[in-house]
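Visitor: I would like to learn how to read a protein model. Please show it to me and take me through it feature by feature.

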Amino acid sequence: MSGGCISAGRDGGYMAVDWNGAFMPCVFMPYSPINIHDVYAHGKTLLDVWAHPFFARIRAWQRDYGHKKSLSEGGRHGNWIMPCPMRDHYEELYPLLREYNPTPVDGNAAAALQDPEYREQLIEYNRAVARLFNPIWESRYLHSDNQESAKIA
């Protein structure tokens, strides 16, 4: 268990950098708002990469989704069986991709970002998976007598 989405440099998480210096929130989210070569050329550091608004917004989404909250705290707790913004919540991620306009790291990532059919199908896939996993999440975690075992570290 990863304790939810671990992208964008969240506590206990990571970011990814490819061979060309493109920093991405995650290897499964192939969009880069910043390049390490440019960062260093401007006298900045990895802390500046971490602070980039695109990464900060993803971390904010993670907190809103329930990262580091125990189930007994109340408030919103997204389905931790489905924590990935790219794979499980594309409808919420897509506006961030449009707002921050990160550079796709390859042709497939660029094509996916521009293809409305891809977007619609991924969103429908997200909904279908939610229909399967939400009952499990609700019965085994939200309404379980053992909620503390589902606490995110």
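Guide: A residue counts as buried when its relative accessible area is under 20%, and as exposed when that area is over 50%. The model here is predicted. Of the 153 residues of the protein chain, 42% count as buried.

Visitor: How many helices and strands are there, and in what pattern do they follow along the sequence?

Guide: The protein chain has 7 helices and 5 strands. Along the sequence they run β-β-β-β-α-α-α-α-α-β-α-α.

Visitor: What share of the accessible surface belongs to carbon and sulfur atoms?

Guide: The accessible surface of the protein chain is about 8,800 Å², and 55% of it belongs to carbon and sulfur atoms.

Visitor: How do I read contacts between residues that are apart in sequence?

Guide: Take the contacts between residues at least 6 apart in sequence; in the protein chain, 53% of these join residues at least 24 apart. Leu-96 in helix α5 gives a case. Leu-96 and Arg-57 are 39 residues apart in sequence, while their C-alpha atoms are 7.8 Å apart in space. Leaving out residues up to four places away in sequence, Leu-96 touches Phe-54, Arg-57, Ile-58 and Asn-101.

Visitor: Is Leu-96 buried or exposed?

Guide: Leu-96 has a relative accessible area of 7%. The cut-off for buried is under 20%, so Leu-96 is buried.

Visitor: What about Val-49: where is it found, and what does it touch?

Guide: Val-49 is found in helix α2, residues 46-50. Its relative accessibility is 0%, so Val-49 counts as buried. Apart from residues up to four places away in sequence, Val-49 touches Met-15, Phe-23, Ile-34, Ile-36, Val-39 and Phe-55.

Visitor: How is the packing of two helices described?

Guide: Two packed helices are described by the angle between their axes and the distance between those axes. In this model, α5 and helix α6 (residues 107-114) pack at about 105°, with axes 11 Å apart. An angle of 65 to 115 degrees counts as roughly perpendicular, so α5 is roughly perpendicular to α6. From α5, the contact is made by Tyr-90, Tyr-94, Leu-97 and Arg-98, and from α6 by Ala-112, Leu-113 and Gln-114. These residues divide into 5 nonpolar, 1 polar and 1 charged.

Visitor: Where do Ala-8 and Asn-101 lie, and is each one buried or exposed?

Guide: Ala-8 is in the segment before β1 (16-17). With 0% relative accessibility, Ala-8 counts as buried. Asn-101 lies in the loop between α5 (90-100) and β5 (103-104). At 56% relative accessible area, Asn-101 is exposed.

Visitor: Is Asn-79 buried or exposed, and what is it in contact with?

Guide: Asn-79 lies in the loop between α3 (53-65) and α4 (85-88). Its relative accessible area is 6%, so Asn-79 is buried. Setting aside neighbours within four places in sequence, Asn-79 is in contact with Tyr-65, Phe-133, Asn-134 and Trp-137. The side chains of Asn-79 and Asn-134 are joined by a polar contact of 2.8 Å.

Methods. Residues numbered from 1 in each chain as written. Predicted model: local features only at pLDDT ≥ 70, side-chain atom pairs only at ≥ 80, totals over all residues. Heavy atoms only, no water. Helix = DSSP H or I, 4+ residues; strand = E, 2+ residues; numbered from the N terminus. Buried < 20%, exposed > 50% of the residue type's maximum accessible area, 1.4 Å probe, protein only. Polar contact = N/O pair within 3.5 Å; in protein donor to acceptor, adjacent residues only side chain to side chain. Contact = heavy atoms within 4.5 Å. Areas by Shrake-Rupley, 256 points an atom, 1.4 Å probe, with all protein chains shown as cover. Axes fitted to C-alpha atoms, helices over the stretch in contact; angles between N-to-C directions. Parallel < 35°, antiparallel > 145°, perpendicular 65-115°, else oblique. Nonpolar A, V, L, I, M, F, W, Y, C, P; charged D, E, K, R; others polar.
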